[in-house]
Amino acid sequence: EMASEPKGAADPRQPRRVIAARAAGGEGVFVGDGAPPLLFESDRYRTWAIWGSESRPALGEHDKPFTATFLPPPEGVRVTVADVFPGERSEIAAGMHDTPTIDFVFVLSGRVHLIESGGEEVVLEAGDSVVQAGSGHSWHNPGPGLARIAVVLLGTAPAE
């Protein structure tokens, strides 16, 4: 049991990252299996780096574990898994943000609210997905348990 588990998180298990790649002879092999690195943790989120690239990768260049920053550059990509901790709704304004990315979000477990900066809100449950195209938003988990999401962030060119 982790001593610093925030807000009664129900499932403190770290995600597992398995990396499969093509060997020199062309056969598929496992080149990694274990815990991904923790990117950041706050009183609202805990996020792990699953994979990423600074540019569009060529086949065979993506079999190494990735541990860089959360946001990708314009031609880059990031894949993360995040726990959204239960919390008070008053935290929403502080968590409002936008990123220069197109995000593909998949709810793996629990329930989480996606709140857009214009005030609209949707409740998402395990199995739901979202395409977040650079809009201002915040995540809220009213609880009681933990919510876990997977996010693919595609870097985008600056708006003209």
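Author: His113 is buried, with a relative accessible area of 14%. This is a predicted model, where local features need pLDDT of at least 70, side-chain atom pairs count only at pLDDT 80 or more, and totals for chains, interfaces and linings use all residues. Residues are numbered from 1 along each chain as its sequence is written, and side-chain values use heavy atoms, leaving out hydrogens and water.

Reader: Why is His113 called buried?

Author: Buried means under 20% relative accessible area, with a 1.4 Å probe and only protein chains considered. His113 has 14%, so the word buried applies. Across the chain, 39% of the 160 residues count as buried.

Reader: What makes Glu121 a polar contact of His113?

Author: A polar contact is a pair of N or O atoms within 3.5 Å, and within protein one must be able to donate a hydrogen and the other to accept it; residues adjacent in sequence count only if both atoms are side-chain atoms. The side chains of His113 and Glu121 make such a contact at 2.5 Å, so the pair falls within the limit.

Reader: Which residues does His113 touch, apart from those up to four places away in sequence?

Author: Contact means heavy atoms within 4.5 Å, and the list holds Glu121, Val122, Val123, Ser138, Trp139, His140 and Pro142. Trp139 is 26 residues from His113 along the chain, yet their C-alpha atoms are separated by 5.7 Å.

Reader: Where in the secondary structure is His113 found?

Author: His113 sits in strand E7, residues 111-116. Strands are DSSP runs of E with at least two residues, numbered from the N terminus.

Methods:
Buried < 20%, exposed > 50% of the residue type's maximum accessible area, 1.4 Å probe, protein only. Helix = DSSP H or I, 4+ residues; strand = E, 2+ residues; numbered from the N terminus.
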